[in-house]
Amino acid sequence: MTDQTFPWRIGSRRAKIVAIGAAALLAGGVAISPAAFGDAPPAKFPAAEIHKPSPMPDRIMLTPTTTPSTSQRVTWRAQAPAEWARAEILEAPRALGDVAPPSGAVTRLSALSSTPVNTSLGYASTYHTVEFTDLKPNTRYTYRVGDGTNWSEWIDFTTAASNFEPFSFIYYGDAQNYIDSAVPRVFRQAFADRPQAKAIVNAGDLIDNANSEEQWGQWYKAGSFIDGQINNISVPGNHEYSGGLSQFWRPQFPYPDNGPGNAELKQTVYYVDYQGVRFIALDSNYQSNSTLMAAQTAWLESVLKDNPNKWTVVTFHHPVYSTTGTRNNPNVRNQWGPLFEKYGVDLVLQGHDHSYGRGNVTTARKTAAVHNSTVYAVSVSGGKMYALNNGQNWTGNGAEVTSTSQNTQLYQLIDVEQDTLRFEARYANGEHHDGFLIRKNDAGERTVNELRTAENTVGEHVAVDKTTVAVKGEVTVSAFGYDPGEKVAVQLRKAGDGRNVAGKDEIFIANLKADELGRISYVLTVPATAKADNTYEVFLSSVNQKITSPILTLTK
Ligand SMILES: [Fe+2]
């Protein structure tokens, strides 16, 4: 080998130049040795200084109301007397600064509430809430909050449309740990990927210690400006409880008061209808409290039964099917699971297990790449990791886990369309991990399709109702995974060496079109030209798939 192959080897001309450069840098390092700053390393800057409140608003957060097309809540923190806490809002102008809003364009209003939270750092953090009302649907607004003298920056948000409109939202599992170091890059990458997202769902354990002012401060800092412009839909995990619900929760997250009515569940159990999606938030921390579980279960059924939205997303902390250790949440699974299936819930978004798992009930499976049940997802956004178990909590309870991951920080992007809901999990560095596409028709029928890959669009994915059939007899053929309306050619062809290869023993049967859910179902009559005592297969050929059935034995 020559130095051209390894130019960094000592002796090469380039290596010498690099070495000289490095020596110069080292010499520079000596010149600014630690002694230049004094003998002691810098002291840790105290949390009480980092997170202390001031009259300047921070921790600005959008939370949805029951009417997100015409109203919007905003909370923030500031050292401001309640009587001075206020907000201003106007329809988003083309410019501000030198350009003053037209007279009468700005609406000013006082805070609905101001709640001091005594913190562990020796000061009170006061949270203020305003509610903007009489807004126009699907309209971009600009607002700021403050005390009339000390204002936040102007921040834009868009009200929900009054009817269905496509939109995206983001879902996170537990942030909880390393909130000031490893979490921010996840939140920011998710925002970079879906800057127009309309909601962020947090499935509990946002922080590690329920009443830690320092951790809440870190959590808000991680989301920085993002939370001021995208609605937040959070549920508490076990770490938001410490001798009761975190004292921060209700002042920060004034969610709709439309839950079961129990005082303990106020603003932790609620629902929000947003542009054709019903988001349902549950509190699984009470899974061992029979009264509060029964109240939630009855309420859950009522909001599932009477649901005008095409899509339904449920979130809570403790998974129906656990991905790690010997964890098990039988009350959650047994009391809520059947309702999710009965009422066709599309997504169940959970946390707690510090790993990733995605699956469904086993009986719903149609082919290797398609099923038609509720999708259960567990994820983690923070840096604390648990090892995966072998899936026994899924398989032991009638479910299967399709995709898993451990030691990975993830965020999930969900794109809602009229007839599809696309889910993708990505790692902290933005790379793809997992995904699927739900198709649903107006009758509520559904297919859940794996994202297409080179592997799952070839091979044996065609189902037949029998594998022995007489010439001129009938066999029912079905397949999934197409685009709606995709053209599919049906052929019967000799099995054996020619499998998956076109040849002279092919018999053309029909041209079909996939239905709106990407399905094919066809009663195939074996033509007289096929030969008895031979083996055949059904071959379905389309733009997106080249798939075959199990081998058919033809009889006379
Ligand atoms: Fe947890």
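Analyst: Of the 556 residues of the protein chain, 43% count as buried; a residue is buried if 20 or more other C-beta atoms, placed from the backbone, lie within 10 Å of its own. This is a predicted model: local features need pLDDT of at least 70, side-chain atom pairs count only at pLDDT 80 or more, and totals for chains, interfaces and linings use all residues. Residues are numbered from 1 along each chain as its sequence is written.

The C-alpha trace of the protein chain spans about 90 × 80 × 55 Å along its principal axes. The chain has 8 helices and 34 strands. These are DSSP runs numbered from the N terminus: helices are H or I, at least four residues, and strands are E, at least two.

Now the sheet. It is open, with 3 strands in the order 26-28-31. The pairing is antiparallel. Two strands pair if DSSP finds at least two bridges between them. Strand 26 (463-464) and strand 31 (520-525) are the edges, each pairing on one side only. Strand 26 is joined to strand 28 (residues 474-479) by 2 bridges. V464 has V477 in strand 28 as its bridge partner. Strands of a sheet pair through backbone hydrogen bonds.

Elsewhere, an unreviewed UniProt entry annotates residues 57-159 as "domain: Purple acid phosphatase N-terminal". UniProt positions follow the numbering used here, feature names are shortened, and annotations may be inferred rather than shown by experiment. That span is 0% helix and 47% strand. Its end C-alpha atoms lie 22 Å apart.

Note on methods:
Buried ≥ 20, exposed ≤ 12 C-beta atoms within 10 Å, placed from the backbone.
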